[in-house]
Amino acid sequence: MGDYMLSVWSDSAELENREMLSNDISVDTVIIGGGMCGLLTALLLKENGIDSIVLERDRICSGQTKNTTAKITSQHGEIYNKIEKYYGIDYSKQYAIANEQAIDDYKRIIKQYNIDCDLEAQKAYLYSTEDKEILLKELKSAEKAGINCYYQKYLDLPFDTKGAVVFDNQAQFNPLKFVQGFVDRITVYEKTPVIKIEKNVVQTPKARVNAKHIVVASHYPFVNLPSLYFLRLSRERSYVLGLKNTGFAIEGMYIGTGNDTISIRQYKDLTLLGGAAHRTGTDVNENRFEVLTKKAQTLFPHFEEVYRWSAQDCVSLDNLPYIGTFSQKNNNIYVATGFNKWGMTSSMTGARIICDMICKKDNPFSSVFSPRRFSLSAVTSNMITNGAETIKGYCSYLKPANSGIESLKVNNAKEVVYHGKVAGAYKDRDGRIYIVSLVCPHLKCKLKFNATTKTWDCPCHGSRYSYKGELIDTPAQKSSILLGILSKATDH
């Protein structure tokens, strides 16, 4: 496979190009971000008679939507026990009902617009290879929240487990085929990055949008003030292999407890194997696809690897999404972020809550998702971890750079001294060396090289750049950090 990365969704569905916004416009609602959440928000608003447009920095669904494992489920790991413990049973019930409704909303849209997106009813399994008691605690909390679930001791998997908590009536689909089925009903502008937001005006490179309501659905909020989302979110990368000829047809969708576990599901003749997660910008020297490949070799000795791809998740301090008004001072600006690893279901939940808020409808689930909720006991662990990683990201400037450009090997990167300053260098297969600034334009944290994805990643807030210096993931807004290209190591 080499360095080539392509999800099965991208390979099976091609979305048409949309034009750039080039003229000033007034609209009721402008939605920033053309991923699943932004597109669904536009669709639900249209169904309620609200005029909206979607602004996408690159191509629609070019971020996390095309890299999901595409599970539509209310089973989100060990979540119900945590919600009950830190916020009480009323919040866990809200969370359960909201996510179950999201599943029904997907089914309704697919049926109403006659969308062929490989929707399949499936059970969702939370398994453990070590501790049955974790499962029983989660089962008890999920049942109290109203989920139709049960414990199953034996699983049809190619490895041993302690059993699983099973959620009935869940689903999986092809997300890009789903988007194909409704996107022509809404107004979308591509290649239209948002430069800034001022009151009711959204500024893009060639046009201004005046809107009553502004929805920030850009995965990670790029506006730093006043709500300081960069202090309330972390970013995590995970990896997926698409495997053929495994000799094992997976029934259901599986995710493990703990840190060193895998996700597994079937899509047609492919087994999708996911895992090897790590915080963005940390622990990046080992090729994470090779970690998954070794795991696959133990499970499916005769498999063929067909696809490999990677996704990035936003994780809130308490592992619950932030959905609602951006801040107390910005009641016309809305945000949906922090979906953890459950972007498909949470996108629908976010779209529904924000649509109801704009339409002045009561939504019974808004409290548990409110960006202004807070429980010190729920967030302390992640606050400490995020703070420590941020401090490390700034303090790493104190470390000396590695040796010079001359010793750089093909398909490798390192810190170098370039024109007297510490920089990053990557040598491609043709011997060209790309020199980039290691100062993240967002808040000046030091970028780290990810050997798996060949990107420069920020360990503080998750911005990412290609080895050529091109912006891949926000919250950074600068389009390039490229300092120079050398045809030979001696050119410096």
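1. Ground rules. This is a predicted model, where local features need pLDDT of at least 70, side-chain atom pairs count only at pLDDT 80 or more, and totals for chains, interfaces and linings use all residues. Residues are numbered from 1 along each chain as its sequence is written, and side-chain values use heavy atoms, with hydrogens and water left out.

2. The chain as a whole. You'll find ten helices and 25 strands here; helices (H or I, at least four residues) and strands (E, at least two) are DSSP runs numbered from the N terminus. The chain has 492 residues, and 59% of them count as buried. Buried is under 20% relative accessible area, exposed is over 50%, and partly exposed is in between, with a 1.4 Å probe and protein chains only.

3. Contacts and surface. Take the contacts with a separation of 6 or more: 70% of them are between residues 24 or more positions apart. A contact here is heavy atoms within 4.5 Å. The accessible surface comes to about 20,900 Å², and carbon and sulfur atoms hold 48% of that. Those areas come from the Shrake-Rupley method with a 1.4 Å probe, and for residues only the protein chains shown count as cover.

4. The disulfide. The structure holds one, joining Cys445 to Cys460 with an S to S distance of 2.0 Å; the cut-off is a pair of cysteine sulfur atoms within 2.5 Å. Cys445 sits in the loop between β20 (433–437) and β21 (448–450), and Cys460 in the loop between β22 (455–457) and β23 (464–466), so the link ties together parts that are 15 residues apart in sequence. The link of Cys445 and Cys460 is right-handed, with 45 degrees about the S-S bond, and both cysteines are buried. While you're looking at cysteines, Cys117 is buried at 1% relative accessibility, and Cys314 is buried with a relative accessible area of 1%.

5. Helix α7. It covers residues 288–299, twelve residues, and reaches 17 Å from its first C-alpha to its last, close to the 16 Å expected at 1.5 Å a residue. That expected span is 1.5 Å times one less than the number of residues. Its buried residues are Arg288, Phe289, Leu292, Thr293, Ala296 and Leu299. They cover an arc of only 145 degrees around the axis, which puts them on the same side of α7; the arc is that of the directions from the helix axis to the C-beta atoms.

6. What surrounds α7. Its buried residues pack against β11 (233–244), β14 (270–279) and β15 (304–316). The face turned away from the buried side carries the exposed residues Lys294 and Thr298.

7. Val209. This residue is in strand β10 (residues 208–216) and is buried at 0% relative accessibility. Leaving aside neighbours within four places in sequence, Val209 has contacts that include Leu21, Ile25, Val27, Ile53 and Leu55. Leu21 is 188 residues away along the chain, with 9.4 Å between the two C-alpha atoms.

8. Tyr95. Look in helix α4 for this one; Tyr95 is buried, with a relative accessible area of 2%. Beyond neighbours within four places in sequence, the contacts of Tyr95 include His76, Tyr80, Leu320, Pro321 and Phe369. The C-alpha of Tyr95 is 8.5 Å from that of Ser74, 21 residues apart along the chain.

9. Two backbone angles to check. Most residues other than glycine have a negative phi. Asp118, not a glycine, has a positive phi of about 60 degrees; Asp118 is in the loop between α4 (89–112) and β4 (120–127) and is buried at 18% relative accessible area. Lys454 also has a positive phi, near 55 degrees. You'll find Lys454 in the loop between β21 and β22, buried at 13% relative accessibility.

10. Glu415. Strand β18 (residues 412–418) holds this residue, which is buried with a relative accessible area of 15%. The side chain of Glu415 makes a polar contact with the side chain of Lys446 at 3.1 Å. A polar contact is a pair of N or O atoms within 3.5 Å; within protein, one must be able to donate a hydrogen and the other to accept it, and residues adjacent in sequence count only if both atoms are side-chain atoms.
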